[in-house]
Amino acid sequence: MITFDSVTKRYPDGTVAVDRLSLEAPTGEITVLVGPSGCGKTTSLRMINRMIDASEGRILLDGVPVQGIDPPTLRRGIGYVIQQAGLFPHRKIVDNIATVPYLLGWDKKKARARAMELLERVGLDPALAGRYPFQLSGGQQQRVGVARALAADPPVLLMDEPFSAVDPIVRTSLQDELLRLQAELNKTIVFVTHDIDEAIKLGDRVAVLRVGGTLAQLADPKTLLSEPADDFVREFLGHDRGIRRLQFISTEGLRLRTDLTVEEGAERGTSEPWLLVVSGDGRPVGWVSGARPGELEPYGTFVYGRDSMRSALDAALLSPSGCSVAVDEQGKVVGVATREALDQALAEAADG
Amino acid sequence: MGWLTAFFSWLGEFFGNPENWSGPDGIPMRLLEHLEFSALALALAALIAVPLGLLIGHTGRGEVLVVVSANLARALPTLGLLVMFVLLLGAASIWPVIIPLVLLSVPPILVNTYEGIRGVDPELRDAAYGMGLRGPQVLLRVLVPVALPLILLGCRLSAIQVVATTTVAAYTGLGGLGRYVIDGFATKDYASVVGGSVLIVLFALVVQTLFTLAQRVTVSPGVSQRLKVR
Ligand SMILES: Nc1ncnc2c1ncn2[C@@H]1O[C@H](COP(=O)(O)OP(=O)(O)OP(=O)(O)O)[C@@H](O)[C@H]1O
Ligand SMILES: [Mg+2]
């Protein structure tokens, strides 16, 4: 656990970047620091590994004040990932990843074996090991940056806007990758971003900072969206707070109808306005309406019980039928969520 | 085309003369002297300027030294400096010539080494510290390999300058390839002037080539962004 105990940072020019900040980043969780530019996120993060020293207050790593630890020693035990990856251009990828193991005096063979293992762990082709950083794309470099931070298996990981310099598609895949890794590794992660969506997606806990370096709110993402502490947080969360909150509501309790499907080629024998055509092996094919029986209309699906209400609603909006198709993990239809069912679930969500 | 014919006949005369290939004024001897003075001066200069440049660049302290040395290099007349040292120290040893040669070759190395280290991306330096490297490790394991092309450039500039200046040093009675040119002019032996000049040019070209090769070998392909063909 990382503890900020009334930490203040005053720069030599008098700027107060962080002002009596107290918060905890629990072991094994992702704590996100988010806030507008200049609110002291980077400063706070860098005080943990003593890249910057706090002016007042204490930062504790599992109860031990970091101020008492020799900075290089401290840093070798803390993974650090920065925006532009900061890879060493003169070293091959494998040696970049093995930087900290080399520093810790591992023998070269063991360090390289570990680097190769991590290369695959972060989703990179082992063939990249012998390349130099300039031969990699920005997204690949960022993955190497994560692998390098993980190389000596530190319990703590600090990440400063690690994904903000790559395009949105790559960013999404890097975020998913991080969540997948975290599910395996259970590191204590402090993650800095100015992107509230990223904060909500990644954070077990989100700390919203305001300019001047004070804590506006510290909460889990769902609470943050449903109960913002004040106008600053509300504004920072943005306009579609309600819609985004749906991503924390499970589709588990959603009422499904199973009488709205018809097998491909079979006669439609009801007066329902819309029926879902399902293939022989149970997969959705398209919607047919009573008005235009010959036409197959598009459909949207969500995985029942796993995906959120946001996905279910999104799936409904994709189809002229206004219904969304619930499928299992294998993609087989388990039922149909009608407008009425979605309405009811949304009403419950708005209440609770 | 008359001058071209003359040029080649002088060349033939100079290089064809067996007397020019042996003894203390022979080409091998003169080449060796030239090499000796240049290499000694360059080595001493690098020994002073590289560590100094690394230290100033890394710590950011003593930057005024770099500025002063760069300005002095531009202001000081080479020949004047040589003559002054010979007058001060006499011409009995090689030092009156070596010292000014060293003084002249320090600034290019110092300035380029300093700029090389300073010019390393601050993000990279930051990442190196963030990984837990200590100050000297950051310098030697990250900054130097990345700044190496500039450091070598400084050494190459100095080397070319030293080779040229060693030629002029023959005025003070020193050996080296400059003797052919200076003595040749004095005795109106144009074969010697032309032959000596060609030797000096060839010498400088060889030095350039050596530095290019050294760069190939020592600079990481990741820095020069030269792809290795596998
Ligand atoms: N070395 C410094 N000297 C003086 N002031 C500084 C220094 N570094 C940062 N600051 C100031 O401290 C405040 C917080 O900076 P910090 O870099 O921590 O913000 P941030 O939240 O990371 O912002 P961004 O989202 O733009 O990265 C800013 O007002 C900044 O100008
Ligand atoms: Mg920042």
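Biologist: What share of the contacts in chain B with a separation of 6 or more do residues 24 or more positions apart account for?
Modeller: This is a predicted model: local features need pLDDT of at least 70, side-chain atom pairs count only at pLDDT 80 or more, and totals for chains, interfaces and linings use all residues. Residues are numbered from 1 along each chain as its sequence is written, chains are lettered from A and ligands numbered from 1 in the order in which they are written, and side-chain values use heavy atoms, leaving out hydrogens and water. A contact is a pair of residues with heavy atoms within 4.5 Å. For chain B, the share asked for is 71%.

Biologist: How many helices and how many strands does the secondary structure of chain B come to?
Modeller: Helices (H or I, at least four residues) and strands (E, at least two) are DSSP runs, numbered from the N terminus. Read from the N terminus on, the elements of chain B run α-α-α-α-α-α-α-α-α-α. The count is ten helices and zero strands.

Biologist: What percentage of the 230 residues in chain B is buried?
Modeller: The C-alpha trace of chain B spans about 65 × 55 × 30 Å along its principal axes. A residue is called buried under 20% relative accessible area, exposed over 50% and partly exposed in between, with a 1.4 Å probe and protein chains only. By that rule the buried part of chain B is 44%.

Biologist: Is Ser69(B) buried or exposed?
Modeller: Ser69(B) sits in helix H3 of chain B. Leaving out residues up to four places away in sequence, Ser69(B) touches Pro107(B), Leu110(B) and Val111(B). Leu103(B), 34 residues away in sequence, has its C-alpha 9.4 Å from that of Ser69(B). Because its relative accessible area is 12%, Ser69(B) is buried.

Biologist: Which helix gives the most to the nonpolar patch?
Modeller: Patches are made of residues with over 30% relative accessible area and no salt bridge; like charges are joined within 9 Å, and nonpolar side chains (Val, Leu, Ile, Met, Phe, Trp, Tyr) within 5 Å. This one covers about 700 Å² of surface and includes Leu47(B), Ile48(B), Val64(B) and Val68(B). Two or more residues each come from helix H2 (27–59) and helix H3 (63–75) of chain B. With four residues, the most comes from H3(B).

Biologist: Is Leu47(B) exposed or buried?
Modeller: Leu47(B) is part of helix H2 of chain B and is one of the residues of the nonpolar patch. Because its relative accessible area is 64%, Leu47(B) is exposed.

Biologist: Which residue caps the N-terminal end of H6(B)?
Modeller: Helix H6 covers residues 122–130 of chain B, and its buried residues are Leu124(B), Arg125(B), Asp126(B), Ala127(B), Ala128(B) and Gly130(B). After H6(B) comes Gly132(B), with a positive phi near 105 degrees. At the N-terminal end, a side-chain oxygen lies 3.0 Å from the backbone nitrogen of Glu123(B), and the residue that supplies this oxygen is Asp121(B).

Biologist: What is the area buried between chain A and chain B?
Modeller: Buried area is the accessible area (1.4 Å probe) that two parts lose on being put together, summed over both. Here 25 residues of chain A are in contact with 25 residues of chain B. Phe88(A), His90(A) and Phe134(A) supply 26% of the area that chain A buries against chain B, more than any other three residues. Carbon and sulfur atoms give 60% of the total, which is about 2200 Å².

Biologist: Which residue of chain A forms a salt bridge with Arg134(B)?
Modeller: A salt bridge is a side-chain nitrogen of Lys or Arg within 4 Å of a carboxyl oxygen of Asp or Glu. There are two between chain A and chain B. In the one formed by Arg134(B), the closest N and O atoms are 3.0 Å apart, and the partner is Asp70(A).

Biologist: Where is Lys188(B) found?
Modeller: Phi of Lys188(B) is near 55 degrees, a positive value in a residue other than glycine. Lys188(B) counts as exposed because its relative accessible area is 60%. It belongs to the loop between helix H8 (178–186) and helix H9 (190–218) of chain B.

Definitions and conventions
Areas by Shrake-Rupley, 256 points an atom, 1.4 Å probe, with all protein chains shown as cover. Polar contact = N/O pair within 3.5 Å; in protein donor to acceptor, adjacent residues only side chain to side chain.
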